[in-house]
Amino acid sequence: MTLLNAVEILKEAGISKSTLYRLIDEGLPYTYVGKRKMFDPNDVNQFIKKKRNAIKQNLVQGHNYTNEEITLMFNCKKSGCIRMSNTKRAMILISNYTGIGNSHTNYWKNDILYFSDDNSDASNEMLSLQEKKLALSSSNKTTLYLFDSYEKGIYNYRGIVKLISEPYIVDEYNLILNNNQKVWKYQLKLIDQNDYLSYDFIKHINKTNTLKGSESKEKTKLINREICEMVLTKKYIISNPEIEKYVMNRANGICELCEKPAPFKVNDIPFLQIYYINSSQEDGKDNVSNAAALCPNCYQKMKHLNLKEDKKTIQYNVDNANWIYNEEFSLNKLVKCPYCHKKNRVDLEEYTVESESESEYGMGPDIYHIVRKDSYYTCDYCQKDFLITGYVEEYPLGSVNDDTIESSKISE
């Protein structure tokens with residue numbers, strides 16, 4: 001039996017820390033090894049699968065449910081057309097036909113639902129957080145539950161759906177703002193039709209959408225989904241929220257091009273923007289090796305100038321950052337050569353000794369990893385030897401509380 005620590009199980013199961021804590025509260029089994037909670041990946045997957053199966057058994061296709069029932073069943077938020085249930089690895093999609101609060105029109109064509117979030121705005125060609133999660137639902141093995149709403153507060157369970165294509169941008173009439181707007185569209189298809197999706201139902205929904213938009217014939221034509229022209233746009237890299245979170249944590253508020261702190265904060269968080277070193281047209285992928293966090297100035301510089309030297313600098317900084325960044329404790333450090341000023345990847349474990357003492361704060365031992373005297377390193381670039389001094393403080397166990405690593409020339 002292979003046991004994984006908390007960080008490893010998050011990656012293995014594809015869940016967040018907050019989801020893991022909620023699963024533990026709901027009875028997720030774990031084992032203590034020393035002072036750490038360890039998890040059997042099979043137990044975790046079975047636990048999540050059991051919760052998902054319980055929902056599938058309780059839901060009845062064609063039955064009506066209240067908002068409170070959906071919220072309690074899925075442990076999700078109470079509003080929105082796209083609602084995430086992390087503990088159930090599920091997403092609730094609400095197709096709103098009430099005419100209340102729905103700014104965009106969902107419609108069926110044959111057996112495919114063309115779905116948009118009510119708050120969708122593709123004017124900047126960026127997906128919202130919830131839209132990203134929907135776009136990644138297939139790869140993340142998230143189950144999509146579709147509900148229709150014809151009356152405020154009442155939701156009819158349509159069934160489990162799957163995403164059959166990548167999202168794309170359309171020009172669509174906004175029923176609230178009374179103007180044309182670019183929105184993201186998703187093509188969804190019921191996994192089990194169960195003779196519940198009839199032609200009469202599709203015809204009724206599309207007719208209802210047309211009538212509720214406006215009394216004017218001109219506006220009715222605009223929102224009639226059967227004659228609306230959908231404008232497909234070029235492909236974009238659909239970023240995974242977990243990748244974005246990793247990159248932002250890795251950058252720690254420092255731009256990965258100019259290496260300066262973010263110029264301002266939003267909600268007390270340093271403002272950086274995700275930049276893809278290689279775009280989708282260059283076969284770029286959504287991974288931590290291709291994504292960087294840039295300050296607004298550098299982001300605009302890359303967007304308009306896209307200089308090769310800057311791309312090389314970003315790639316160099318990202319590769320180094322990925323090498324040293326670890327959500328658990330690590331002695332991997334970048335040490336600058338005092339001669340050529342290049343950054344060297346140094347594993348300090350072979351250069352340090354441990355000094356342990358009991359902390360006054362009661363969170364376990366306070367461990368200092370102290371670089372041994374006369375620790376020399378040969379620069380990977382200029383091949384000159386230089387001296388490394390300093391320490392890394394590990395407190396609490398598995399976390400870096402402080403580190404001071406310096407390099408100097410060897411005195412002759």
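Analyst: Start with one cut-off: a residue is buried if its relative accessible area is under 20%, exposed if over 50%, and partly exposed in between. In helix α8 (residues 241-251), the buried residues are Pro 241, Ile 243, Tyr 246, Val 247, Arg 250 and Ala 251. Keep in mind that this is a predicted model.

User: What do the buried residues of α8 pack against?

Analyst: They pack against α5 (129-135), β14 (273-276), β15 (291-294) and α10 (308-324). Just after α8 comes Asn 252, with a positive phi of about 55°.

User: What share of the protein chain is buried?

Analyst: Of its 412 residues, 45% are buried. The chain has ten helices and 22 strands.

User: Why is Trp 184 called buried?

Analyst: Its relative accessibility is 3%. The cut-off for buried is under 20%. So Trp 184 counts as buried. Trp 184 sits in strand β11 (residues 179-190).

User: What makes Lys 77 partly exposed?

Analyst: Lys 77 has 40% relative accessibility.

User: Which residues does Lys 77 touch, not counting residues up to four places away in sequence?

Analyst: Thr 71, Ile 82, Arg 83 and Gln 130. For distance, take Ile 92: its C-alpha is 9.9 Å from that of Lys 77, and the two are 15 residues apart in sequence.

User: Why is the arrangement of α1 and α3 called oblique?

Analyst: Two packed helices are described by the angle between their axes and the distance between the axes. For helix α1 (residues 6-13) and helix α3 (residues 41-58), the axes come within 11 Å and cross at roughly 50°. That makes α1 oblique to α3. Angles under 35 degrees would be roughly parallel, and 65 to 115 roughly perpendicular. The crossing of α1 and α3 is right-handed.

User: Which residues meet where α1 and α3 touch?

Analyst: From α1 come Ile 9, Glu 12 and Ala 13; from α3 come Pro 41, Val 44 and Asn 45. By class, the contact has four nonpolar, one polar and one charged residues.

User: How many aromatic pairs does a search of the whole structure find?

Analyst: Twelve. One of them joins Phe 147 and Tyr 157, at 5.2 Å centre to centre with 50° between the planes.

User: How do you know that the pair of Phe 147 and Tyr 157 is tilted?

Analyst: Check the distance first. Ring centres must lie within 6.5 Å to pair, and these are 5.2 Å apart. Now the angle. Under 30 degrees is stacked, over 60 is edge-to-face, and the rest is tilted. At 50°, the pair is tilted. Phe 147 lies in strand β8 (residues 143-151) and Tyr 157 in strand β9 (residues 154-163), so the pair ties together parts that are ten residues apart in sequence. Phe 147 and Tyr 157 are buried. Ring pairs also link them with Tyr 65, Phe 74 and Tyr 145 into a cluster.

User: What makes the pair of Phe 264 and Phe 271 stacked?

Analyst: The angle between the planes is 15°. Stacked needs under 30 degrees. The centres are 5.1 Å apart, and the pair is stacked. Phe 264 counts as partly exposed at 39% relative accessibility. Phe 271, at 28%, is partly exposed as well.

User: Why is phi pointed out at Asn 267?

Analyst: Most residues other than glycine have a negative phi, and most peptide bonds are trans. Asn 267 is not a glycine, yet its phi is positive, about 55°. Asn 267 is in the loop between β12 (265-266) and β13 (269-270). At 72% relative accessibility, Asn 267 counts as exposed.

User: What is phi at His 341?

Analyst: Near 65°, a positive value in a residue other than glycine. His 341 is exposed, with a relative accessible area of 54%. The cut-off for exposed is over 50%. Its loop runs between β16 (332-336) and β17 (343-347).

User: Which peptide bond is cis?

Analyst: The bond from Tyr 395 to Pro 396 is cis, with omega near -10°. Pro 396 lies in the loop between β21 (385-394) and β22 (400-409).

Definitions and conventions. Residues numbered from 1 in each chain as written. Predicted model: local features only at pLDDT ≥ 70, side-chain atom pairs only at ≥ 80, totals over all residues. Heavy atoms only, no water. Axes fitted to C-alpha atoms, helices over the stretch in contact; angles between N-to-C directions. Helix = DSSP H or I, 4+ residues; strand = E, 2+ residues; numbered from the N terminus. Parallel < 35°, antiparallel > 145°, perpendicular 65-115°, else oblique. Left-handed = near helix turned anticlockwise from the far one by under 90°. Contact = heavy atoms within 4.5 Å. Nonpolar A, V, L, I, M, F, W, Y, C, P; charged D, E, K, R; others polar. Phe/Tyr/Trp six-rings, centres within 6.5 Å; stacked < 30°, edge-to-face > 60°. Buried < 20%, exposed > 50% of the residue type's maximum accessible area, 1.4 Å probe, protein only.
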